[in-house]
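Colleague: Could you take me through the surroundings of the ligand in this model? I would be glad of a close look at that one part.

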Amino acid sequence: MKSFFVFLSALSFCFSAVVSEAASPSLPKGYSAWKKSERKIVTDKSSLFYGIHYIYADKKAQSGYLADNKFAEGSRIVVEFFNIKDNPAVDGPKNMVVLMQKDKRQKATGGWLFASFGADGKPSGLDPVTTCFGCHQKDAAQKDFVISTKKDFK
Ligand code: HEC
């Protein structure tokens with residue numbers, strides 16, 4: 001009987017590991033040490049990007065920006081968002097983090113994996129195809145679906 005329970009818990013562990021990996025990747029550790037953009041403020045409240053944000057690019061993504069937005073497989077870009085409180089010169093509380101990771105298997109979203117996370121780093125479950133890809137396709141189809149450019153990292 002005991003071994004049956006051990007088997008069951010092992011099984012459920014496997015399932016949860018598989019499901020969470022398929023549904024959403026985790027936030028890369030240590031992204032705050034990557035190359036960081038200038039501070040950016042979006043004051044249009046109807047925008048998903050309303051607030052203050054910073055873009056972070058890992059080594060591969062930095063090379064991709066320098067090559068005028070041609071990114072190698074595995075490149076990772078993270079954006080961290082903060083609310084605007086009373087004074088826009090000061091970052092309010094963090095509210096969201098998003099990730100793009102170059103992954104050729106993600107054919108529906110231009111060969112990029114799109115994922116979003118809450119301030120606590122947990123997946124927020126937004127659908128990449130319906131929530132994310134539209135804007136990137138519209139604004140950056142000629143730029144490997146990456147809207148920002150090397151100018152944002154000056
Ligand atoms: C309303 C349009 C819009 C939607 C929807 C949107 N984005 Fe973006 N995204 C942008 C814009 C505009 C930028 C460039 C920001 C800048 O230059 O500072 C951007 C930048 C990014 C970047 C940095 C790389 C780049 O393309 O510049 C990542 C990563 C990102 N978005 C992920 C996501 C994810 C994940 C989602 C879905 C949860 C999403 N985006 C939905 C407009 C959008």
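**Around the ligand**

Modeller: Happy to! The residues of the shell around the ligand divide into 15 nonpolar, five polar and two charged. Here Ala, Val, Leu, Ile, Met, Phe, Trp, Tyr, Cys and Pro count as nonpolar, Asp, Glu, Lys and Arg as charged, and the others, Gly among them, as polar. Please keep in mind that this is a predicted model, where local features need pLDDT of at least 70, side-chain atom pairs count only at pLDDT 80 or more, and totals for chains, interfaces and linings use all residues. Residues are numbered from 1 along each chain as its sequence is written.

In total, 22 residues surround the ligand, each with its C-beta atom, placed from the backbone, within 6 Å of it. Val98, Met100, Cys132, Cys135 and Ser148 are the closest. Two or more residues of the shell come from each of β4 (76–84), β5 (91–102), β6 (112–117) and α3 (128–140). These helices (H or I, at least four residues) and strands (E, at least two) are DSSP runs, numbered from the N terminus. Helix α3 gives the largest share, four residues.

How far can you trust the picture? The predictor's confidence in each residue is the pLDDT, from 0 to 100. Its mean over the chain is 87, and 84% of the residues reach 70 or more. Where pLDDT is low, the predicted coordinates should not be read in detail.
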